[in-house]
Amino acid sequence: MSGRFILNSEVMNDLISSDTLKLIEKHQRGGLGKNYFFTPTIGLKLYNPKITWIDSFKKNISFSFNKYDNLNLYTMLKYINKSLVNIYKKQAHNPIDNVSPFYYEKGDYFYIKCFLPNTSGKYHITSLFNNIEEKFIIPRIGCSYSNIVLDIKNIWEKDNAGFNLELKETYISI
């Protein structure tokens, strides 16, 4: 996890007060939109996430959490999302007013969808089972990890705006 700030409310406040967190603007291919990448690298460490969805191309995965069992996490995510959107609105050129949050809610649950980085079928995700590194394999829906690390890569703009998150690390301890 070197070189990555794992966010919580205190770390977020420190990054804001020290004016450390910046955005780097890059145009999307074809010039139709923009990406605002966060620097330095920021991420979230989430405990006991349950896999609820994997797209058919195995490029994206979604994790769920019960709002009431994870109220502190839910509150922290709302705060971090709001803080990152405020940074975007201050630093971006002509920011879009409505930025979709990096989590979504439905009933008693909230969900976080992220990208599974891979090249030619090889996933670039560190996967540890009882502290032994193994090749990352796509899990089954309904399974849970002990914890995961997600990087908050950027905010993208096209017709609207939203976050891009990537799964970077998975841990299972038995």
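**A tour of the aromatic pairs**

Select Tyr74 and Tyr103: both are buried (under 20% relative accessible area with a 1.4 Å probe and protein chains only; exposed is over 50%, partly exposed in between). The model is predicted, so local features need pLDDT of at least 70 and side-chain atom pairs pLDDT 80 or more, while totals for chains, interfaces and linings use all residues. Residues are numbered from 1 along each chain as its sequence is written, and side-chain values use heavy atoms, without hydrogens and water.

Next, show the rings of Phe, Tyr and Trp (six-membered ring for Trp), which pair if their centres lie within 6.5 Å; planes under 30 degrees apart are stacked, over 60 edge-to-face, the rest tilted. The whole structure holds nine aromatic pairs. Tyr74 and Tyr103 make an edge-to-face one, at 6.4 Å centre to centre and 80° between the planes. Tyr74 is in helix α2 and Tyr103 in the loop between α2 and β7 (104-106), so this pair ties together parts 29 residues apart in sequence. Helices (H or I, at least four residues) and strands (E, at least two) are DSSP runs, numbered from the N terminus.

Move to Tyr123 and Phe136, whose ring centres are 5.3 Å apart with planes at 70°, so this pair is edge-to-face. Tyr123 is buried, as is Phe136.

Now select Phe65, Tyr74, Phe102, Tyr103, Phe110 and Phe163: ring pairs link them into a cluster.

Finish at Lys26, whose charged end sits over the ring of Phe37, 5.6 Å from its centre (NZ of Lys or CZ of Arg within 6 Å of the ring centre and within 35 degrees of the ring normal). Lys45 has its charged end over the ring of Tyr171, 5.7 Å from the centre.
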